[in-house]
Amino acid sequence: LKAMGTAPILLGNGAKVPQILKNSEQRHTGTMAIVPAFLGFAGNAVRVLTSFLQTPDDIVAILNPLAAATLWLVLLAQFVLYWEGTKKLQAEAEAKKSDAKTK
């Protein structure tokens, strides 16, 4: 039964890994918004604390929000690391949009 508790860890957190890898490969965050990443991190950080305080002996209850908070933190770090690349990409997209309007 405890093994079923690991499924949300793998599915929910596994969904963030491709985004992290894509950002790393492209060296920008594209159109990804920082607010959901911050809220995801903050919410999971609070869940880590409350899970630890309420059930300190249940590692699965702590592991899921801890893994999620860690992955959200990586995404937040990518916003900082790839800020210039993202700005450059947005400027190029805006220039293409502007060129298309003038034609």
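Contact here means heavy atoms within 4.5 Å. Helices (H or I, at least four residues) and strands (E, at least two) are DSSP runs, numbered from the N terminus. This is a predicted model, in which local features need pLDDT of at least 70, side-chain atom pairs count only at pLDDT 80 or more, and totals for chains, interfaces and linings use all residues. Residues are numbered from 1 along each chain as its sequence is written, and side-chain values use heavy atoms, with hydrogens and water left out.

**Helix α3**

- α3 spans residues 34-54, 21 residues in all.
- From first C-alpha to last, α3 reaches 30 Å, close to the 30 Å expected at 1.5 Å a residue. The expected span is 1.5 Å times one less than the number of residues.
- Ala37, Gly40, Asn44, Val48 and Ser51 are buried in α3. Buried means under 20% relative accessible area, exposed over 50%, and partly exposed in between (1.4 Å probe, protein chains only).
- Down the axis of α3, the buried residues fall within an arc of 80°, so they line one face of the helix. The arc is that of the directions from the helix axis to the C-beta atoms.
- Exposed Val35, Leu39, Leu53 and Gln54 sit on the face of α3 turned away from its buried side.

**Helix α2**

- Lys16, Ile20 and Asn23 are buried in α2.
- Down the axis of α2, these residues fall within an arc of 65°, so they line one face of the helix.
- Leu21 and Glu25 are exposed on the other side of α2.
- The cover over the buried residues of α2 includes α1 (7-14) and α4.

**Lys16**

- Lys16 belongs to α2, residues 16-26.
- Lys16 is buried yet has no salt bridge. A salt bridge is a side-chain nitrogen of Lys or Arg within 4 Å of a carboxyl oxygen of Asp or Glu.
- Lys and Arg count as positive, Asp and Glu as negative; His and the chain ends are not counted.
- The Lys16 side chain reaches the backbone oxygen of Gly12 at 3.2 Å.
- Lys16 touches Ala68, Leu71 and Trp72, with residues up to four places away in sequence not counted.

**Arg27**

- Arg27 follows α2 and lies in the loop between α2 and α3.
- Its phi is positive, about 65°, although Arg27 is not a glycine.
- Arg27 counts as exposed, at 51% relative accessibility.

Notes
A polar contact is a pair of N or O atoms within 3.5 Å; within protein, one must be able to donate a hydrogen and the other to accept it, and residues adjacent in sequence count only if both atoms are side-chain atoms.
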